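Dear colleague,

Please find below the structure that I am handing over to you, followed by an account of what was found in it. I would ask you to keep the sequence and the coordinates open while reading.

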Amino acid sequence: MKLSPLAFLLIVASVSPHSFMSKAFVSPVSSFRTIRAGDRPPSLSSSTSPTSLHAKPQSLGKSGDWEVFLDPTSNQKYYFNMKTGASEWTPPLGFKEEKSTKDATAKGGFGLPNLFSSEADNKPSKPTYTDGASSLFSSVLGPPSSKITPSSTPLTPLSSSINLPHPEKLSWGGEDALYLPSTSSLPLTFGVFDGVSGAEKANDLILYSRMLSNEFGKRVVGKGSLHLKNLSERLTEAAEVADEKATGATTALVASISTDNTLRVLSLGDCSLLLIRSSKPYAQTKDISHYFDCPYQLGDVSPDRPKDGTTMTVKLVEGDVLVCGSDGVFDNLRVSRICELGSDGGTPEKIAKGIAEEARKISLIETIETPYSVLAGKNKVEGYENGLGGKVDDICCVVIKV
């Protein structure tokens, strides 16, 4: 049985009236923090109904690495690149639609992981993605191997970060948080946590995003290379502490570059990580949401847990640039522009500063088309009926060059 958004809310409300919170009140049906889909339409997992949150939607056709799907919220087609994770509302250049002849299970439908590939494989490979349902196997299947085999030619990461609070939150630092240790060697584990502005908060408690960042850091520092299962477990432990001691709610993206030169990412909600290779987008994490205006999030009254998140695994090569950010970045800057800023040969500090400052500048312009305004216009969000306008928000960005 499929539930309508209203029916889903009534069920959630029976558990707690604040199970999910928004950045700004929209309506009794959709009072949630708006999904930050970056430069993309809904991801495969975000376009499903509340009763099949992890089910991959039926492909309407494909052309090369691209497949076309139907977004049930806006009733619009969108185009998803199965290799890079990029997606577009309009047909990509050269897209010639042909009816898909493969069923969902041929591509690991319903988020099932490829059980016949090894995460520890040292051979260069395409990015591997899983939807949240793959986490159902995490308690049964251990890590793909008991030990990550270090590469004979380990990469050397250079990193930097920046956190620009919302202009109205400068006095107390805003609600985004990040974890990025100071290291120039692998392994390197990091994370971005986007605090939910609309969540109910107590004045005498630390923000959930900050507590989660602190507790996650305590649990990964000095722990060596981490599998996806390790990331999920450490984030779960941190969330359990935050549930008891913090206030509010947050989305979360945590990642680790291991000594085998492999990037492993776990994302719950709408923070994004973009891998730039040869000045072009090579891979990008998938957002996960219940439906438009309702991203997955952690909080003491939220049913979402780290095991529900999407994952991405990809082997890195020298010269790769990683841009990880909260929705304040990806709501306002197109992926193509982030690639330009990330490929200018500058230091991670310069790149992070440039991305954050340009995202802030764009966020303040009401007459410009942004990734967020396109989605908001299609979903009839108040103030974006014409499909134009930046999104003023906290902006948190981590940049890593290897």
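I begin with a pair in helix 2: Glu215 and Arg219 stand four residues apart there, so about one helical turn separates them. Helices (H or I, at least four residues) and strands (E, at least two) are DSSP runs, numbered from the N terminus. The two side chains form a salt bridge in which the closest N and O atoms are 2.7 Å apart; the term requires a side-chain nitrogen of Lys or Arg within 4 Å of a carboxyl oxygen of Asp or Glu.

Before I continue, please note that this is a predicted model, in which local features need pLDDT of at least 70 and side-chain atom pairs count only at pLDDT 80 or more, while totals for chains, interfaces and linings use all residues. Residues are numbered from 1 along each chain as its sequence is written, and side-chain values use heavy atoms, with hydrogens and water left out.

Salt bridges

Glu215 has a further partner in Lys218, with a separation of 3.2 Å from N to O. Lys218 and Glu215 are three residues apart in helix 2 (residues 208-220), and therefore also about one helical turn from each other. Which of these residues are buried and which are exposed? Glu215 is buried, at 9% relative accessibility, whereas Lys218 is exposed at 54%. Arg219 is partly exposed, with a relative accessible area of 22%. Here buried means under 20% relative accessible area, exposed over 50%, and partly exposed in between (1.4 Å probe, protein chains only).

Another salt bridge joins the side chains of Glu369 and Arg334 at 2.6 Å, N to O. Glu369 lies in the loop between helix 6 (348-363) and helix 7 (371-378), and Arg334 in the loop between helix 4 (327-330) and helix 5 (335-342), so this pair ties together parts that are 35 residues apart in sequence. Glu369 is partly exposed at 45% relative accessibility, and Arg334 is partly exposed at 31%. In total, the structure holds 17 salt bridges.

Packing of helix 5 against helix 6

Helix 5 and helix 6 pack with their axes 9 Å apart, at an angle of about 145°. Axes are lines fitted to C-alpha atoms, for helices over the stretch in contact, and angles run from 0 to 180 degrees between N-to-C directions. Helix 5 contributes Arg337, Ile338, Leu341 and Gly342, which meet Ile351, Gly354, Ile355 and Glu358 of helix 6; a contact means heavy atoms within 4.5 Å. By type, the residues of this contact comprise four nonpolar, two polar and two charged. In this grouping Ala, Val, Leu, Ile, Met, Phe, Trp, Tyr, Cys and Pro are nonpolar, Asp, Glu, Lys and Arg charged, and the others, Gly among them, polar.

Backbone and loops

The peptide bond from Leu186 to Pro187 is cis, with omega near 5°. Pro187 is placed in the loop between strand 7 (176-179) and strand 8 (188-195).

Lys380 belongs to the loop between helix 7 and strand 20 (395-401) and is exposed, with a relative accessible area of 72%.

Ser59 is in the loop between helix 1 (5-15) and strand 1 (61-63), where this serine is buried at 13% relative accessible area. The C-alpha atom of Ser59 is 9.8 Å from that of Phe80, a residue 21 places away along the chain.

Overall composition and confidence

The protein has seven helices and 20 strands. Of its 402 residues, 58% count as buried. Among contacts between residues at least 6 apart in sequence, 71% join residues at least 24 apart.

The average pLDDT, the predictor's confidence in each residue on a scale from 0 to 100, is 77 for the protein, and 71% of the residues score at least 70. Residues 99-124 have a pLDDT below 50, and this stretch makes 36 contacts in the model beyond near neighbours in sequence. Over residues 133-145 the pLDDT likewise stays under 50, with 20 contacts beyond four places in sequence.

Yours sincerely
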